[in-house]
Amino acid sequence: MKKILVTGGLGFIGSHTVVELQNEGFDVLIIDNLSNSTIDVLDKITSITTQKPKYFNIDLKSKSAVQHFFKENKVDGVIHFAASKAVGESVEKPLEYYENNICSLIYLLQEMRTNKVVNFIFSSSCTVYGQADELPITENAPIKPAESPYGNTKQIGEEIIKDTSKISDIKAIALRYFNPIGAHESAKIGELPIGVPQNLIPFVTQTAAGIRKELAVFGSDYNTPDGTAIRDYIHVVDLAKAHIVALRRLLENNNKSFFEVFNIGTGKGNSVLEVIQSFEKVTGKKLNYKIVNRREGDITAAYADTTIANNELGWKAKSTLDEALLSAWKWQKTLK
Ligand code: WQD
């Protein structure tokens, strides 16, 4: 049974990926410092798959802790989710973001090299494209100057991985996520924002649940059909499954170069108002919202060209926006 280390494995995307890895027969080890997740997710994963992943409460900023982990545990691959990811917060706390997201990555790669672990999947983001000049966005779209320290850590992270895999045996794949939403069909795991949600979908579901008074729609004067910004919302389980396909590609040595990049989205863009309409349709709930000014740093539109992921990876998103939003609502209703 192949052993896979999943860092950030108790987080939103990490936990859904652990479930899919276990479903596929992988032996999963999780490192998570619980800075943006809770320990009960471990039991939730176990209740879904009936296999309890081995869990290590390690902070990847501790080089010695990372060294110790790899000395004690032989793994066949690493899927690296653990990172701080709030765009706005990163503007206020740049040093924390660079330290956490970059140092952790460096220590991981150093210990992978020392311990001859060669398969690496990196959680990247469509944020690296900024506002792309052309839509849909292909992997060859120019990388624009980052709009936030968070986005910069993803750009720098990809460069560090590329440079490392060039001079070592490490084979790496960066998956550039578009907007992950929704929850596992069991509604036992899902998105657990701490405090006031920054992202659209948790704010929508919390408004529908009466936790938030009303949703603020950030801007209706964008150059889009209905004036609100467009994003590519992908079901988190579809996203999780993309990691399995990418991991197998590396394990089976089917990668075409030492560092590959894939856009992971649905290929379809939806505006904020379309998301609201879809949510109201599938849940029967009327959403209380108001249009306010644009949010600083937001781009007009982003949705993926998924040709390479479809053809090269043999992966395609299956869930519709309606299905993803309904799964998010089912999950929200389980929360206190
Ligand atoms: C989506 C749309 C908002 C909240 C960010 C990161 C990206 C990834 C996903 C980490 C935008 C609008 C939002 C609200 C709103 N994160 N909105 N009212 O900004 O596309 O992407 O999160 O990897 O890297 O950049 O996602 O969900 O914040 O916003 O109108 O209360 O919803 O303006 O158009 P975003 P989002």
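Reply:

**Cysteines and their setting**

Cys 103 is partly exposed, because its relative accessible area is 25%, and partly exposed covers values between the two limits of under 20% for buried and over 50% for exposed (1.4 Å probe, protein chains only). Cys 126 has a relative accessible area of 12%, so Cys 126 is buried. A disulfide is a covalent bond between the sulfur atoms of two cysteines. With a disulfide taken as a pair of cysteine sulfur atoms within 2.5 Å, the count is 0.

This is a predicted model, in which local features need pLDDT of at least 70 and side-chain atom pairs count only at pLDDT 80 or more, while totals for chains, interfaces and linings use all residues. Residues are numbered from 1 along each chain as its sequence is written, and side-chain values use heavy atoms, with hydrogens and water left out.

As for the rest of the chain, 53% of its 336 residues are buried. Its accessible surface (Shrake-Rupley method, 1.4 Å probe) is about 14,900 Å², and carbon and sulfur atoms account for 51% of that. The C-alpha trace spans about 55 × 45 × 40 Å along its principal axes. Of the contacts (heavy atoms within 4.5 Å) between residues at least 6 apart in sequence, 80% join residues at least 24 apart.
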